[in-house]
Amino acid sequence: MVTYADDAQRTGVISTPQSAFAKLSKWNKSMDEAFQDVGIAPNIGKQQVLVEWNGDGSRKKEADFRLLYLRSHDKEPPQVARHLGQVHEVHGDHKVELSKRITAANRTWILYGRFWRSKASLANRVRVFRAVVLATLLTGLDLDDFTKEEMLSLERFAVKKLRFLLRGEGFACSNVQVRAKVQVHSISSMLLARRTKIWQLLFGDLSGTQRQLTAVMLGSTSTGQQPQLNNGVPVSSANPYLLRAWKDLQTLATLQPKIKAGLDLAGVFGLAFDRDFLRFKTSTLLSYKSECDNLNVPRQHRPKPVPKHWSENPAYAVVFNVCTWCRK
């Protein structure tokens, strides 16, 4: 179960539909008590709740929770939540958010249509592309954990526009070569570099200005959050941001043996005040290669299987059972 209200997001595990409402009430009470001293009260009226059921009996639990939610709220349980400018889906997907981002970025691209076709140099067109199109596409996506398919949709959009900017110079070039020609790194590497800067702030200096946020990510809290680490290593039920950070740190460890030694010694705490980690240049993570395999392979168009009743008249199979792209 995940709740969103004001600037707070909370994640927890529930076992029954009834326990969901009990835990939600407990969360709200603990938040009231925690913020009472500073004169802040959570706005319960703006609270959004997403609940996903997994395992045995998940369908029945989902149906029971739906009935309970209808009785208490007079509306269906939400499937998406809009929080801090982003759309969060109940099953953890990013399809709605990415569709929204790509649509907005494409709208921006169309607004500058004349400029892309103008006599401006390639360098200037690329600069504007970075400033207005890529910024619209990627702002605020640094900490999201995308699947390979979701990342592929972002990479494809960007590469398609870069090929247009090259005006034929990218013909017969791979996507890696196209990015190298315009000196625009892959989206996956850009997001990795951005996230690594955040991890340096959070884990590199535990006494810094970000220590409160670091404490929330790593430890238990008075509002009910359970311990997130076991000997410095995130537990399987840790919050998704910490799991994302650990995955990135493992990638970083493959490049820097000294950083790997710190992780092996004390997990996340092995990075505290580590000069090699703090001084690591995230720009070295930037690459023209993408983590998405076969990005430049064209989509496969497969003919649909012939319906059984068509076998009586082969002519129909010839007319209808063809690929609409290649007519084969």
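Helices (H or I, at least four residues) and strands (E, at least two) are DSSP runs, numbered from the N terminus.

The model is predicted; local features need pLDDT of at least 70, side-chain atom pairs count only at pLDDT 80 or more, and totals for chains, interfaces and linings use all residues. Residues are numbered from 1 along each chain as its sequence is written, and side-chain values use heavy atoms, without hydrogens and water.

Next, select Ser-58, Phe-65 and Tyr-69, the buried residues of H2 (buried: under 20% relative accessible area; exposed: over 50%; partly exposed in between; 1.4 Å probe, protein chains only). Seen down the axis of H2, these buried residues fall within an arc of 35°, so they line one face of the helix; the arc is that of the directions from the helix axis to the C-beta atoms. Helix H1 (17-35) is included in what covers them. On the face turned away, select the exposed Arg-59, Lys-60 and Arg-71. Just after H2, Asp-74 takes a positive phi of about 60°.

Finally, display helix H6 (residues 148-166) with helix H8 (residues 187-203). Their axes lie 9 Å apart, at an angle of about 115°; axes are lines fitted to C-alpha atoms, for helices over the stretch in contact, and angles run from 0 to 180 degrees between N-to-C directions. In contact (heavy atoms within 4.5 Å) are Met-151, Leu-154, Glu-155 and Ala-158 of H6 and Ile-187, Ser-188 and Leu-191 of H8.
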